[in-house]
Amino acid sequence: MNIIKDPVDELLKADAIAHYDTHIDDAGFTLRVIDSLPARSRQQNTLHIAIPFGLTVMAAAFVALFAGGGNFLIDAAMDIATTNLSSSAMALVTIVVVMIAASVTAVRDS
């Protein structure tokens, strides 16, 4: 297994080691600030699961609605490639946009 070392991370670690002995006393300011921060909400953890799951269910509903008994993905891709605005093409574009939004939301909130 190859481990790629980040040069910025290595510089930060070296700087931290070099300045380890030079402690600046802040009279407990840092601890007071950390103690005054609000507790982490449990709702965030459920939203990390609920948002992508709900968007996935919505995307699956679009597929079921617009599939029409045919091969949805191939039909939609061909419609997009030929710039034919069919319902399956619009559904595929919507599904892709929803999944990108879910991914961006999940990454941004973590």
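Is Ala-27 buried or exposed? At 58% relative accessibility, Ala-27 counts as exposed, because the cut-off for that class is over 50%. The residue is taken up again below, after an account of the chain to which it belongs.

## Model and confidence

The structure is a predicted model. The mean pLDDT of the chain is 78, and 85% of the residues reach a score of at least 70.

Helix α2, residues 29-36, has the highest value, with a mean of 90. The lowest value belongs to helix α3, residues 43-66, where the mean is 74.

## Overall architecture

The chain contains five helices and zero strands. In sequence order, the pattern reads α-α-α-α-α.

Of the 110 residues in the chain, 12% count as buried. Among contacts in the chain with a separation of 6 or more, 43% are accounted for by residues 24 or more positions apart.

## Asp-79 in helix α4

Asp-79 is located in helix α4, which covers residues 72-81. With a relative accessibility of 16%, Asp-79 counts as buried, because this value falls under the 20% cut-off.

Which side chain makes a polar contact with the side chain of Asp-79? The partner is the side chain of Ser-86, at 2.4 Å. When neighbours within four places in sequence are left aside, Asp-79 is in contact with Asn-84, Ser-86, Ser-88 and Ala-89.

## Loop residues with positive phi

Most residues other than glycine have a negative phi. Ala-27 is not a glycine, yet its phi is positive, at about 55°. Ala-27 lies in the loop between α1 (7-18) and α2, and its relative accessibility of 58% places it in the exposed class.

Where is Thr-83 placed? Thr-83 belongs to the loop between α4 and α5 (87-109). Its phi is near 50°, again a positive value in a residue other than glycine. Thr-83 counts as exposed because its relative accessibility, 67%, is over the 50% cut-off.

Conventions:
Residues are numbered from 1 along each chain as its sequence is written. This is a predicted model: local features need pLDDT of at least 70, side-chain atom pairs count only at pLDDT 80 or more; totals for chains, interfaces and linings use all residues. Side-chain values use heavy atoms; hydrogens and water are left out. pLDDT is the predictor's confidence in each residue, from 0 to 100. Helices (H or I, at least four residues) and strands (E, at least two) are DSSP runs, numbered from the N terminus. Buried means under 20% relative accessible area, exposed over 50%, partly exposed in between (1.4 Å probe, protein chains only). Contact means heavy atoms within 4.5 Å. A polar contact is a pair of N or O atoms within 3.5 Å; within protein, one must be able to donate a hydrogen and the other to accept it, and residues adjacent in sequence count only if both atoms are side-chain atoms.
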